[in-house]
Amino acid sequence: MKKNTCLMDLDFDRNHLWHPYSSLIDPPPVYPVERAEGVRIYLEDGRGLIDGMSSWWCALHGYNVPELNAAAHRQLEKMSHVMFGGLTHEPAIELGKRLVEITPQPLQRVFLADSGSVAMEVAIKMALQYWQSRGRSEKNRLLALRNGYHGDTFGTMATCDPVNGMHHLFAGQLTRHFFAPAPAPKFDQPCGDDDIAELRQLIEQHHAQLAAVTLEPIVQGAGGMRFYSPEYLKRVRELCDEYDLLLIADEIATGFGRSGKLFACEHAAISPDILALGKALTGGTMTLAATLCTDRVADGICRGEAGVFMHGPTFMGNPLACAVSNASIDLLLSSPWQQRVASIEQQLQTQLAPLRESDAVADVRALGAIGVVEMREPVDMMQVQEALIDRGVWLRPFGRLVYAMPPYVISERDLSQLTGAMVEVLG
């Protein structure tokens with residue numbers, strides 16, 4: 001039953017609180033949330049919405065998860081935080097062990113930061129300091145992919161698509177890197193010489209300046225929700241080896257099973273030199289990120305002029321976040337997550353397929369626990385979102401894309417309601 005009153009001060013929210021990518025002159029409406037449990041967000045007016053976004057891709061177990069809550073309570077009784085400079089603690093050590101064990105070999109060294117963008121800043125900084133420490137300071141540029149997205153901080157903005165991305169307003173202030181075309185072969189297609197010809201040419205021409213190639217493996221997220229061929233990723237790895245470049249893999253969105261593999265790099269059976277993780281690391285309970293690198297990278301950095309890696313956030317290795325991350329990883333690995341993700345993929349493919357018949361729809365695709373409907377024209381986000389809410393579903397469209405990345409624990413019935421709402425509203 002809906003309540004008639006709103007207890008939250010939405011006028012204050014509207015006049016004083018900035019929400020992501022929003023204006024304070026004419027802010028869009030926001031929906032007050034009272035609580036969340038399972039796969040549902042419960043609004044203050046009593047409505048329950050199936051969360052098809054996993055809170056921007058991080059709440060893979062859903063909400064109010066007993067195992068994660070218990071881990072947080074246990075750690076709170078000991079300490080919520082202690083500085084990582086000169087000190088250490090068991091949650092960080094155990095998390096490091098888990099990450100080294102489950103990520104692709106030979107990633108061995110772990111830097112614990114506090115957000116996905118910072119994890120990518122750390123990855124970029126590692127690559128640059130590595131070459132500087134080796135006496136190759138001229139290798140200070142990056143090669144990224146069109147339609148890529150790596151974060152909103154200054155170092156990461158410079159590696160996002162400079163034309164179609166969200167940061168063109170800052171182009172004059174950002175480091176100018178090199179950009180190769182977005183991968184053309186789709187996930188189930190081979191990758192031929194022509195598909196990497198321009199990438200190879202850029203590397204051949206500029207490898208003396210290039211520190212690393214940076215990319216989102218297999219799934220380009222906020223830059224278009226595009227799925228590309230594992231063979232393409234494998235050939236990028238081969239080019240990096242051929243021209244002595246580092247490979248940075250941004251798995252902030254794809255890590256921990258979202259693409260059907262524990263890490264998307266596994267689709268191509270490759271390992272990067274530097275790997276950035278975030279989002280689902282804590283199961284959506286709080287912010288934490290990690291950047292892993294190989295012994296080669298770590299040794300190269302630490303044998304240079306500085307003798308240390310020049311980075312150290314205040315909340316680095318936060319014990320509370322580390323403890324919950326350990327519980328989240330254990331919960332994931334002890335669950336039938338592969339079966340769940342495969343079932344979600346099959347259901348997304350089957351139940352979104354009718355939208356292919358719509359003249360307004362350009363493409364429908366699914367990979368792992370990701371379902372994407374690409375429209376021919378940009379959608380009216382607020383109109384579509386309100387229509388979905390009326391059908392008990394929470395999604396956040398952008399541009400021409402309406403997509404779902406539900407928690408892995410979603411039931412077949414709830415997923416059917418989610419896809420049914422998408423078909424009804426978009427078709």
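The legends below describe close-up views of one predicted model.

Residues are numbered from 1 along each chain as its sequence is written. Because the model is predicted, local features need pLDDT of at least 70 and side-chain atom pairs count only at pLDDT 80 or more, while totals for chains, interfaces and linings use all residues, and side-chain values use heavy atoms, with hydrogens and water left out.

**View 1. A salt bridge joins R14 and D26.** The structure holds 22 salt bridges, a salt bridge being a side-chain nitrogen of Lys or Arg within 4 Å of a carboxyl oxygen of Asp or Glu. In the pair shown here, the closest N and O atoms of R14 and D26 are 3.7 Å apart. R14 lies in helix α1 (residues 10-16) and D26 in the loop between α1 and β1 (33-37), so the pair ties together parts that are twelve residues apart in sequence. Helices (H or I, at least four residues) and strands (E, at least two) are DSSP runs, numbered from the N terminus. R14 is partly exposed at 38% relative accessible area, whereas D26, at 57%, counts as exposed; here buried means under 20% relative accessible area, exposed over 50%, and partly exposed in between (1.4 Å probe, protein chains only).

**View 2. R109 and D295 form a salt bridge.** The closest N and O atoms of R109 and D295 are 2.7 Å apart. R109 belongs to strand β4 (residues 107-113) and D295 to helix α9 (residues 295-302), so this pair ties together parts that are 186 residues apart in sequence. R109 is partly exposed, with a relative accessible area of 44%, and D295 is partly exposed as well, at 37%.

**View 3. A network of salt bridges links R237, D241, D244, D273 and R296.** Another salt bridge of the structure is formed by the side chains of R35 and E37, at 3.4 Å from N to O. R35 has a relative accessible area of 41% and is partly exposed, and E37, at 41%, is also partly exposed.

**View 4. M8, L10 and V30 form a nonpolar patch on the surface.** Together these three residues have about 190 Å² of accessible area, computed by the Shrake-Rupley method with a 1.4 Å probe, where for residues only the protein chains shown count as cover. Patches are made of residues with over 30% relative accessible area and no salt bridge, with like charges joined within 9 Å and nonpolar side chains (Val, Leu, Ile, Met, Phe, Trp, Tyr) within 5 Å. M8 is found in the segment before α1 and is partly exposed at 35% relative accessibility.

**View 5. The largest nonpolar core has 95 residues.** A nonpolar core is a set of buried Ala, Val, Leu, Ile, Met, Phe, Trp, Tyr and Cys residues joined through side-chain atoms within 4.5 Å. The residues with the most contacts inside this core are L99, L143, I203, V213, F256 and L395. Leaving aside residues up to four places away in sequence, V213 touches several residues, among them L143, I203, V236 and I248, contact meaning heavy atoms within 4.5 Å. A second, separate core of 27 residues includes V122, W131, L142 and A276.

View 6. Strand β10 (residues 246-250) pairs with β11 in the parallel sense over three bridges, two strands being paired if DSSP finds at least two bridges between them. I248 stands opposite I274 in β11. β11 also pairs with strand β12 (residues 289-294), in the antiparallel sense over four bridges, and the bridge partner of I274 in β12 is C293.
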